[in-house]
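Try each task before reading its solution.

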Amino acid sequence: MAARSMKLFLSPPATPRDTWRDRWRLVRDLLGGALVLAVWLSLWSWVAVGVVGPLSRANTALERDRAAEVL
């Protein structure tokens with residue numbers, strides 16, 4: 001059995017150049033990730049506007065009712 005010698009290469013071996021398909025796949029993945037992020041952020045902003053907003057207005061309405069009862 002022949003022993004393989006491990007050689008230390010200071011420069012990486014030449015890699016094949018990216019084809020247009022590889023670049024398009026990278027762009028497609030980046031755009032898909034950006035789309036997912038945009039949908040996720042829009043859903044959370046809908047929750048913030050649609051749920052937290054009315055809850056904060058409900059608290060001020062309760063405080064006004066209490067103030068009216070005191071008078």
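**Exercise 1.** Work out how far along helix 1 Asp22 and Arg25 are from each other, and what links them.

*Solution.* Start with the spacing: Asp22 and Arg25 are 3 residues apart in helix 1, so about one helical turn separates them. Next, look at the side chains in this predicted model. The closest N and O atoms of Asp22 and Arg25 are 3.2 Å apart. A salt bridge needs such atoms within 4 Å, and this pair forms one. Finally, count: the structure holds 1 salt bridge.

**Exercise 2.** Are Asp22 and Arg25 buried, partly exposed or exposed?

*Solution.* You need two cut-offs here: buried is under 20% relative accessible area, and exposed is over 50%. Asp22 has 34% relative accessibility, so it counts as partly exposed. Arg25 comes out at 41%, so Arg25 is partly exposed too.

**Exercise 3.** Find the aromatic pair and say how its rings are arranged.

*Solution.* There's 1 aromatic pair to find. Trp40 and Trp44 make it, with ring centres 6.3 Å apart and 65° between the planes. Planes over 60 degrees apart count as edge-to-face, and that is how this pair is classed. Now place the two: Trp40 and Trp44 both sit in helix 1, 4 residues apart, or about one turn of the helix.

**Exercise 4.** Which residues make the nonpolar surface patch of about 480 Å²?

*Solution.* Look for Trp20, Trp24, Val27 and Leu31, which make up the patch. Trp24 belongs to helix 1, which covers residues 20-70.

**Exercise 5.** Sum up the whole chain: how many helices and strands are there, and what share of the residues is buried?

*Solution.* First, the secondary structure: 1 helix and 0 strands. Then burial: of the 71 residues, 1% are buried. Last, the surface: the chain exposes about 7,400 Å², with 68% of that supplied by carbon and sulfur atoms.

Note on methods:
Residues are numbered from 1 along each chain as its sequence is written. This is a predicted model: local features need pLDDT of at least 70, side-chain atom pairs count only at pLDDT 80 or more; totals for chains, interfaces and linings use all residues. Side-chain values use heavy atoms; hydrogens and water are left out. Patches are made of residues with over 30% relative accessible area and no salt bridge: like charges are joined within 9 Å, nonpolar side chains (Val, Leu, Ile, Met, Phe, Trp, Tyr) within 5 Å. Accessible areas come from the Shrake-Rupley method with a 1.4 Å probe; for residues, only the protein chains shown count as cover. A salt bridge is a side-chain nitrogen of Lys or Arg within 4 Å of a carboxyl oxygen of Asp or Glu. Buried means under 20% relative accessible area, exposed over 50%, partly exposed in between (1.4 Å probe, protein chains only). Rings of Phe, Tyr and Trp (its six-membered ring) pair if their centres lie within 6.5 Å; planes under 30 degrees apart count as stacked, over 60 as edge-to-face and the rest as tilted.
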